Amino acid sequence: MVAKVEAAQGEPVAKIAKLIVEEAIKARASDIHLQALPDVALVDSAGERPPAGTPVMQVRYRIDGVLHDQTSLSQQMLEPLVNHFKQLAGLEMMQTKVPQDGRFSWEYEGRSFDLRASWLPTVQGGSLVMRILDPSSLPSSWDMLRLTPENEAALLKVLRAPAGIFFVSGPTGSGKTTTLYMMLQKINTREVNCSTVEDPVEYAIPGVNQVAVDREAGLTFERAMRAIMRQDPDVILCAEIRDLATGEVALQAALTGHLVLSTLHSEGAPETVRRMLDVGLWPQGVADALIGVLGQWLTRTLCPDCKRLRATTEAEAAWLRAAGVEEVPAELYERVGCDKCLSRGYRGRIPLHELFLMTPEVRRLIRSGAPRPELDGAIAAAMWSF
């Protein structure tokens with residue numbers, strides 16, 4: 001059950017909590033970090049540095065993938081503020097020695113935001129991280145993926161596949177789940193039975209059976225996948241394959257006539273294929289079921305309101321030529337900083353992609369247990385052909 005925030009205006013702790021969350025929302029932050037630090041070289045709101053060894057809580061926001069210091073709070077506010085957020089998220093306030101996870105909702109300017117809270121005990125005193133999810137922000141336009149025409153055509157071909165498994169890979173926070181949602185929306189019609197297994201369900205998709213993992217109740221990724229297999233599915237989205245058991249069920253689904261979409265935390269297509277084999281999945285099954293991998297990363301973009309042109313330097317021109325740019329521009333944009341980007345010069349991020357689709361050569365190498373350098377080379381060669 002998601003708790004509603006009703007901060008009483010007369011309570012100092014509630015006021016500070018309200019300020020922290022709403023300032024984060026206004027700054028377009030994806031995460032709020034409240035971290036206890038025993039001794040930091042910071043100044044307080046009055047401009048005074050705390051005595052050495054004074055416990056403080058550092059408040060940081062992750063904006064466009066980068067953590068930024070926001071403020072620091074005194075020792076007196078540390079425990080009450082953490083307990084306030086714990087209460088909102090349904091966590092046990094007195095339990096400070098074990099990790100806890102919870103969630104709550106926040107109403108701000110007519111919009112509802114979901115916050116996922118994670119408490120981690122540390123030797124310094126603890127760390128509370130809250131991820132901010134805006135259900136209304138799920139991209140609805142396929143064009144927002146910014147795929148090249150070649151990659152778009154290839155990816156649409158993947159979505160027409162009757163069976164197999166396809167991965168979106170990349171580091172944490174690279175937008176993998178969002179891309180999977182957009183792929184699912186592309187094929188979600190009344191003629192197709194789509195189901196998902198997620199931990200947790202981040203966005204509601206009309207017409208899709210979405211299952212939230214609940215380990216305390218015994219509903220794991222593996223168990224949910226097996227249950228979905230009995231629901232006559234056409235497409236299964238498994239938010240992440242974390243272990244061998246889940247991987248085996250996903251592979252079984254892909255080999256028995258279902259299209260499976262999933263993610264893996266990796267640095268690209270070759271690493272994704274290696275991870276499938278390293279966790280112990282049957283090489284023959286991987287070779288037969290794997291359709292391909294979309295590697296994805298996010299990069300910050302310059303603020304459109306304050307960026308400005310300046311002359312391209314010789315070093316930049318040389319780098320662009322080495323990267324294959326035939327006509328080097330005489331001018332490039334540089335970041336400046338304004339009120340709209342909080343004086344940082346960046347606002348928003350765009351995805352970068354690499355796409356690998358299975359080839360007969362890669363399939364042969366997987367089946368034969370070829371050395372990893374040979375397999376990686378064949379995958380890399382296949383990526384650049386799309």
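**Figure 1. R146 in the loop between β7 and α3 of the predicted model.** The place of R146 is the loop that links β7 (127-133) to α3; helices (H or I, at least four residues) and strands (E, at least two) are DSSP runs, numbered from the N terminus. The model is predicted, so local features need pLDDT of at least 70 and side-chain atom pairs count only at pLDDT 80 or more, while totals for chains, interfaces and linings use all residues. Residues are numbered from 1 along each chain as its sequence is written, and side-chain values use heavy atoms, with hydrogens and water left out. R146 is not a glycine, yet its phi is positive, about 55°. With 55% relative accessibility, R146 counts as exposed (buried means under 20% relative accessible area, exposed over 50%, partly exposed in between; 1.4 Å probe, protein chains only).

**Figure 2. D64 in the loop between β3 and β4.** D64 is placed in the loop that joins β3 (56-63) to β4 (66-73). The phi of D64 is positive, about 55°, although D64 is not a glycine. D64 counts as buried, with a relative accessibility of 10%.

**Figure 3. Packing of α3 against α4.** Helix α3 (residues 149-159) packs on helix α4 (residues 176-187) at an angle of about 65°, and the two axes are 10 Å apart. Axes are lines fitted to C-alpha atoms, for helices over the stretch in contact, and angles run from 0 to 180 degrees between N-to-C directions. The crossing of α3 past α4 is right-handed; a crossing is left-handed if the near helix is turned anticlockwise from the far one by less than a right angle, and right-handed if clockwise. From α3, L155, L156 and L159 meet M183, K186 and I187 of α4, where contact means heavy atoms within 4.5 Å. The residues of this contact comprise five nonpolar, no polar and one charged. Ala, Val, Leu, Ile, Met, Phe, Trp, Tyr, Cys and Pro count as nonpolar, Asp, Glu, Lys and Arg as charged, and the others, Gly among them, as polar.

Figure 4. L180 is found in helix α4 and counts as buried, at 1% relative accessibility. Not counting residues up to four places away in sequence, L180 touches V168, L237, L261, S262 and T263. Between L180 and C238 the C-alpha to C-alpha distance is 9.5 Å, with 58 residues separating them in sequence.

Figure 5. The loop between β8 (164-170) and α4 holds S174. At 2% relative accessibility, this serine, S174, is classed as buried. Its side chain reaches the backbone oxygen of P171 at 2.7 Å; a polar contact is a pair of N or O atoms within 3.5 Å, where within protein one must be able to donate a hydrogen and the other to accept it, and residues adjacent in sequence count only if both atoms are side-chain atoms. Residues up to four places away in sequence aside, S174 touches Q296, W297 and L298.

**Figure 6. E240 in the loop between β11 and α6.** E240 lies in the loop that connects β11 to α6 and, at 17% relative accessibility, counts as buried. The side chain of E240 has a polar contact of 3.1 Å with that of R242 and another of 3.3 Å with the side chain of H265. Leaving aside neighbours within four places in sequence, E240 is in contact with F221, T246, S262, T263 and H265.

**Figure 7. Helix α6, its ends and its cover.** The 12 residues of α6 (residues 244-255) should span 16 Å at 1.5 Å a residue, and the end C-alpha atoms are 16 Å apart, which agrees; the expected span is 1.5 Å times one less than the number of residues. D243 caps the N-terminal end of α6, with a side-chain oxygen 3.3 Å from the backbone nitrogen of A245. G257, whose phi is positive, near 95°, follows α6. Buried in α6 are T246, G247, V249, A250, L251, A253 and A254. The cover over these buried residues includes β8, α5 (221-229), β11 (235-238), β12 (259-265), α7 (269-278) and α8 (283-289).

**Figure 8. The cis peptide bond at P200.** P200 is found in the loop between β9 (194-198) and β10 (209-212). The peptide bond from D199 to P200 is cis, and its omega is near -5°.
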